[in-house]
Amino acid sequence: MARTHTPVVTGWFAGDGDDFALLGTRCSACAAVFFPREDGHCRNPGCAGGDLAEIPLSRRGRVWSYTDSRYKPPSPYVTNPELPWEPYALIAVELAAERIVVLGQAAPGVTVGDLAVGMEVEVVPGVLHEDAETTWTTWHWRPTGVA
């Protein structure tokens with residue numbers, strides 16, 4: 001029986017492979033970009049308000065900062081109690097075109113030793129958790145040129 005692929009958060013990303021992208025919104029009045037998506041009104045305090053349109057965000061950016069997570073986070077974060085805890089790297093990525101920083105987990109196998117501030121990374125589809133029925137999908141950041 002095949003598992004159902006379900007986004008961890010609906011509407012934050014779409015596509016697969018080379019078509020995978022994070023989804024943000026852009027204000028028609030001030031051109032401010034938001035991620036996660038904003039469905040209400042422009043959050044820019046200097047904006048009189050405009051229509052918000054969904055946009056795919058840049059697939060590549062530069063490492064703004066990074067750290068590793070060496071502790072097992074509390075619920076509702078899901079981990080398999082039968083497997084030992086494995087640390088993972090968190091990366092804050094600056095998307096120059098949008099002028100925003102987006103946080104995300106590093107792709108499996110990428111450690112803080114593989115990262116440097118300013119290096120180019122790309123967003124790729126990822127898996128947060130799997131259970132018997134569902135594969136919970138998310139996004140990961142991966143250094144460019146890494147398969």
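Let's start with Trp139, which is buried at 10% relative accessibility; buried here means under 20% relative accessible area, exposed means over 50%, and partly exposed is in between (1.4 Å probe, protein chains only). What you're looking at is a predicted model, where local features need pLDDT of at least 70, side-chain atom pairs count only at pLDDT 80 or more, and totals for chains, interfaces and linings use all residues. Residues are numbered from 1 along each chain as its sequence is written, and side-chain values use heavy atoms, with hydrogens and water left out.

(Rings of Phe, Tyr and Trp, the latter by its six-membered ring, pair if their centres lie within 6.5 Å; planes under 30 degrees apart are stacked, over 60 edge-to-face, and the rest tilted.) Because Phe13 lies in strand β2 and Trp139 in strand β10, the pair ties together parts 126 residues apart in sequence; strands (E, at least two residues) are DSSP runs numbered from the N terminus.

Trp12 counts as partly exposed, at 25% relative accessibility. Over the whole structure, a search turns up six aromatic pairs.

And the cysteines? There are zero disulfides here, a disulfide being a pair of cysteine sulfur atoms within 2.5 Å. Cys42 is in none, and its nearest cysteine sulfur, that of Cys30, is 3.6 Å away. Cys47 is in none either, with the sulfur of Cys30 the nearest at 3.7 Å. Cys42 is buried, at 8% relative accessible area, and Cys47 is buried at 16%.

Key. Helix = DSSP H or I, 4+ residues; strand = E, 2+ residues; numbered from the N terminus.
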